[in-house]
Amino acid sequence: MYSKVVMDRFQNPRNAGGMHGANAIGQVGNAACGDIMKMYLKINDNGIIENARFKTFGCCAAIASTDIACDLIKGKSIEDALKVTNKDVIDKLGELPTHKLHCSLMAEDSIRAAIEDFYKRKEKESKQAIKKSKRNEE
């Protein structure tokens, strides 16, 4: 049913667990199957993803998909990470049963959710810096 890569990534995930110092956290879920994926990223000032970790509550395919997605974006720029698709995840996994393809889509969505969170945090920091600067000028 599952490829050797899927089983290996399920049984021995390389990127499982939370991350202290993450500056981007994205969470997605699928109400139909109950899977929840949470991705943690550490993105440096140059927009490079230095580290990616995850916590996934879900099936074998969900855990393997998120683990592979982390590998696919480590060391990449934000722009390049946004180009990672569920097809890239499936290609690295070898294959997924048709009824489990949504897991690879969720992995893609978790990348996007984390990067969206990064930009929201940066916008908030920028607004706070402007307010602080205005207070210091007064």
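Two strands count as paired if DSSP finds at least two bridges between them. Strands (E, at least two residues) and helices (H or I, at least four) are DSSP runs, numbered from the N terminus. I'm looking at a predicted model, where local features need pLDDT of at least 70, side-chain atom pairs count only at pLDDT 80 or more, and totals for chains, interfaces and linings use all residues. Residues are numbered from 1 along each chain as its sequence is written, and side-chain values use heavy atoms, with hydrogens and water left out.

**Entry 1: the sheet**

I looked up the strand order and found an open sheet of three strands, S1-S2-S3, with antiparallel pairing. S1 and S3 are the edge strands with a single partner each, so one side of each has no neighbour in the sheet. On average, neighbouring strands here are turned by 15° against each other, direction ignored. Axes are lines fitted to C-alpha atoms (for helices, over the stretch in contact), and angles run from 0 to 180 degrees between N-to-C directions.

Next I checked S2 against S3: they pair in the antiparallel sense over eight bridges. Leu41 has Ala52 in S3 as its bridge partner. Then I asked what packs on the sheet. H2 does, touching S2 and S3, and its direction makes about 175° with that of S3. H5 packs on the sheet too, touching S1 and S2, at about 140° to the direction of S1. Contact here means heavy atoms within 4.5 Å.

**Entry 2: two loops**

I went to Asn30, in the loop between S1 (24–29) and S2 (36–43). Is Asn30 buried or exposed? Asn30 is buried, with a relative accessible area of 19%. (Buried is under 20% relative accessible area, exposed over 50%, partly exposed in between, with a 1.4 Å probe and protein chains only.) A polar atom of the Asn30 side chain lies 2.8 Å from the backbone nitrogen of Ala32. That side chain also reaches the backbone nitrogen of Cys33 at 3.2 Å. Leaving aside neighbours within four places in sequence, Asn30 is in contact with Asp35, His102 and Met106.

The other loop I looked at, between S2 and S3 (49–57), holds Gly47. Gly47 is buried at 13% relative accessible area. Not counting residues up to four places away in sequence, Gly47 touches Lys76, Ser77 and Ile78. Gly47 and Lys76 are 29 residues apart in sequence, yet 8.4 Å apart in space, C-alpha to C-alpha.

**Entry 3: helix H4**

Which residues of H4 (86–93) are buried? I noted Asn86, Val89, Ile90 and Leu93. They cover an arc of only 95° around the axis, which puts them on the same side of H4. (The arc is that of the directions from the helix axis to the C-beta atoms.) On the other side, Lys87 and Lys92 are exposed. The buried residues pack against H1 (4–11), H2 (60–73) and H5 (101–137). Leu93 touches Ser3, Val5, Val6, Ala64, Ser65 and Ile68, not counting residues up to four places away. Just after H4, I spotted Gly94 with a positive phi of about 100°.

**Entry 4: the core**

Last, I looked up the largest nonpolar core, which has 36 residues. (Such a core is a set of buried Ala, Val, Leu, Ile, Met, Phe, Trp, Tyr and Cys residues joined through side-chain atoms within 4.5 Å.) Met39, Leu41, Ile43, Ile73, Val89, Leu93 and Ile111 touch the most other members. S1, S2, S3, H2, H3 (78–81), H4 and H5 each supply at least two residues. H2 gives the most, with ten.

Conventions
A polar contact is a pair of N or O atoms within 3.5 Å; within protein, one must be able to donate a hydrogen and the other to accept it, and residues adjacent in sequence count only if both atoms are side-chain atoms.
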